[in-house]
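Me: I am new to this structure and would like to go through it step by step. Could we begin with the charged side chains and then turn to the strands?

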Amino acid sequence: MNNPSLLILPGDGIGQEVMAEVRKVIDWLGQKRDLKFDVSEDLVGGAAYDVHGTPLHDDTMARAQSVDAVLLGAVGGPKYDNLDFSVKPERGLLRLRKEMDLFSNLRPAQCFDALADFSSLKKELVSGLDIMIVRELTSGSYFGEPRGIFIEDNKRVGINTQRYTEDEIDRVARSAFEMARRRNNKVCSMEKANVMESGILWRDVVTEVHAADYSDVELSHMYADAGAMQLVRAPKQFDVILTDNLFGDLLSDTAAMLTGSLGMLPSASLGSPMANGRPKALYEPVHGSAPDIAGQNKANPSACVLSFAMALRYSFDQGAEADRLEAAVESILGKGIRTGDLMQSDGGKAVSCTEMGDAIILELNATL
Ligand code: IPM
Ligand code: MG
C-alpha cells in the first residue's frame, strides 16, 4: 500500500519556520514509529504571489485536491497589503477552502493548565477550558453573491450577501453533532435569528437535524451577540459551538484569546469523504504569519505541530500517535520550556522555535 500523502504549504512569515519543526515530527514518526508519509511541498499566499503572480497556482490547487491532507502554515504580511484584492495572500487560502469544499472548520480552544495565567480572564474562569468551535467555512457572507463594489446614483456601494442553503446548514450541523458525541455531548448553535432570515433558517434546520438524528445530544441556541458575551462571561458552559462563517471567524478569535495562547491553537477544515474514505482536509494553526517576529527563530511551533496532530487523528486514523504528540507538547509546557510568546516578563529565558521543536522530539523519544 502507498504511504498516505501530505502536501505542505508553509506560506508566509513564521509559516516557514514552524513548518520546519513539524517536519522533524514527521521524520520522527517515519523513523521511530514506522509511520511514513509521502510529503510534498508547494507555495501559497504571498510566497506564491512572488513567484507566480497569484496566491495559489492552479497546479498547487490540483495537488491539494489529490493528496490525503494539506498542512498550511500561514498567509499574509505587510509586503502584500497594497496588492489588488483578487491576488491578496488570503485569497489563496479562501480558494483552497472553497474548491476543496472544506465546509466544517474545527477550532478547539483549550486552555493548558500551565498557561491559565496568560488568559486575559481570571484563571478560575478558564482553567480546564475545552471548547470546540465548529465554523461553517465555505458559504455565508464570505462567498455569497451578489458581491462587489458597485456604483448606484453616482455613489459607491459595497455589497456582500449572507446566503445559506438548507443543505449547507444540514451538513455542518451533522458535523457538530458528531463532534459533540465524541466529547461532552452538548451543542450550542449561534446565529442572529432575531434579525436575519438566514439565521431563522439556520435555527430551523439545526433543530430538524437534531430531532431527526441526534436527539441524544443536548442542543441549545443563542443569538451570536449574546453568545460572544457568554463566551467571555462564563466560557466553560460550552462544549461544541456551531456557527456560520462570519460569526465563527469572530467567535473563534474570541475563544482563542481566552486560552491566552494563540501560539498553541490548531485547526482542521474538513470536507466530504474522498474515494478512500478519508475526508478532504486542510490543517492549519490559528495564528497568522506574525510578520513582526518572522525570520527570527522566535515563533512558537506548537500550534502547527498540534495541527499535524489533528491530521493524524482525523485524516490518518492515528489517534494514539495524535495523543502522544499532544501529550508531549503539554508535558513540555509543564516543564516550563517556553517560546517568547508564553513568557511572563520575569520568566527567564525563552527557547527558540528550533529549540522548541527539538524539545518536542526529545519528549517523544521519552515515550518510547
Ligand atoms: C481565519 C482568518 C481568515 C478568515 C482570513 C485569513 C481569510 O481570519 O482563518 O480565521 O477570515 O477566515
Ligand atoms: Mg479569523
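**Salt bridges and strands**

Reply: Glu21, Lys24 and Asp358 are joined in a network of salt bridges, a salt bridge being a side-chain nitrogen of Lys or Arg within 4 Å of a carboxyl oxygen of Asp or Glu. This is a predicted model, in which local features need pLDDT of at least 70 and side-chain atom pairs count only at pLDDT 80 or more, while totals for chains, interfaces and linings use all residues. Residues are numbered from 1 along each chain as its sequence is written, and side-chain values use heavy atoms, with hydrogens and water left out.

Me: How many salt bridges are there in the whole structure?

Reply: The search finds 24 salt bridges. In general, side chains of opposite charge can pair when their charged atoms come close.

Me: Which residue does Glu321 pair with?

Reply: Glu321 forms a salt bridge with Arg33, and their closest N and O atoms are 2.8 Å apart. The pair links distant parts of the chain, 288 residues apart: Glu321 lies in helix H11 (residues 319-334), and Arg33 in the loop between helix H1 (15-32) and strand E2 (38-41). Helices (H or I, at least four residues) and strands (E, at least two) are DSSP runs, numbered from the N terminus.

Me: Is Glu321 buried or exposed?

Reply: Glu321 counts as buried because its relative accessibility is 7%; buried means under 20% relative accessible area, exposed over 50%, and partly exposed in between (1.4 Å probe, protein chains only). Arg33, at 36%, counts as partly exposed.

Me: What about Asp170 and Arg174?

Reply: Their side chains meet in a salt bridge of 2.8 Å, N to O. Asp170 and Arg174 are four residues apart in helix H6 (residues 166-182), so about one helical turn separates them. Asp170 is partly exposed at 23%, and Arg174 is partly exposed at 27%.

Me: Changing topic, how many residues of strand E8 are buried?

Reply: Five of the six residues of strand E8 (residues 186-191) are buried, leaving the strand mostly covered.

Me: Which strands does E8 pair with?

Reply: E8 pairs in the parallel sense with strand E9 (residues 218-223) over six bridges. Cys188 stands opposite Ser220 in E9. From E8 the chain crosses through helix H7 (residues 197-213) to E9, and this β-α-β crossover is right-handed: with the strands pointing away from the viewer, the path from the first strand over the helix to the second runs clockwise. E8 also pairs in the parallel sense with strand E10 (residues 240-243), over four bridges. Two strands pair if DSSP finds at least two bridges between them.

Me: What is the bridge partner of Ser189 in E10?

Reply: The partner of Ser189 there is Leu242.

Note on methods. Chains are lettered from A and ligands numbered from 1 in the order in which they are written.
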